[in-house]
Amino acid sequence: MNQKQNSLRTRCVHCDFPLRVCICKHICQIESNIKVFILQHPSEANVAKNTAKLVNLTLTSAQVIVGETPADFAAVIASIQPEYTYLIYPGEAAISVETFSPSTMPAPKCLIFLDGTWKKTYRLMQSNPWLSSLKQISFSKAPKTRYQIRKAHREDSLSTIEAVAYSLQQLEKISPLPFMKILDAMIETQMAFMPEEVKKRYSS
Ligand SMILES: [Zn+2]
């Protein structure tokens, strides 16, 4: 391995980005009363564009768990109170986050997000019946994603960090800015490594 490759592979121990594009200075840690679990399909864990780790760096009450089966998520299952736990998922019976009212439903103490492509999150749902027993929350007028790079994978859906930010903004009046700031930093980092013609495609 030559020196250039080596500097690309040396990672920041905190943010895990290559050292020369370390995004630590963009991290502004925040807390929420709501516990956030992000269940991550293993195929997503090593994707450079994955935003779940950015949530982990920003939100102190967030935890990312990589897995596929109920056994992988045993610690989550044991720690949640189903009555106060909501799955963020666009199911038919989902309650819209914009109109959620604690006067009609128990206020959430825990939110569960599924991280992966639609196909992978669907598979997570199939192999984890305990998830289907949870009440669901969905978005009816979510903001447009600013993360164009993943558009091919996720159509118009939000990246995981945007989904977390939007949910906490709606449910707990938490400012989405710290999340957007670190997402922008990651997008900028990735743009810097892109060839010019690809960059043009994303900058309109
Ligand atoms: Zn760093």
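**Close-up views of a predicted model**

**View 1. Packing of helix α7 against helix α8.** In this predicted model, the axes of helix α7 (residues 160–172) and helix α8 (residues 177–192) come within 9 Å and cross at roughly 165°. That angle makes α7 roughly antiparallel to α8 (over 145 degrees counts as roughly antiparallel). At this contact, where heavy atoms lie within 4.5 Å, I161, E162, V164, A165 and L168 of α7 meet F179, M180, I182 and L183 of α8. The residues involved divide into 8 nonpolar, no polar and 1 charged.

View 2. C12, C15, C22 and C24 coordinate the zinc ion through their SG atoms at 2.3 to 2.4 Å, donors being N, O and S atoms within 2.8 Å of the metal. The 4 donor atoms subtend angles of 102 to 115°, so the arrangement is tetrahedral (all angles between 85 and 135 degrees). Along the chain the donors follow the spacing C-x2-C-x6-C-x1-C.

Residues are numbered from 1 along each chain as its sequence is written. Local features need pLDDT of at least 70, side-chain atom pairs count only at pLDDT 80 or more, and totals for chains, interfaces and linings use all residues, while side-chain values use heavy atoms, with hydrogens and water left out.

Notes
Axes fitted to C-alpha atoms, helices over the stretch in contact; angles between N-to-C directions. Helix = DSSP H or I, 4+ residues; strand = E, 2+ residues; numbered from the N terminus. Parallel < 35°, antiparallel > 145°, perpendicular 65-115°, else oblique. Nonpolar A, V, L, I, M, F, W, Y, C, P; charged D, E, K, R; others polar. Donors = N, O, S within 2.8 Å, 3.2 Å for Na, K, Ca; no water. Tetrahedral: all angles 85-135°; square planar, octahedral: opposite > 155°, others 65-115°.
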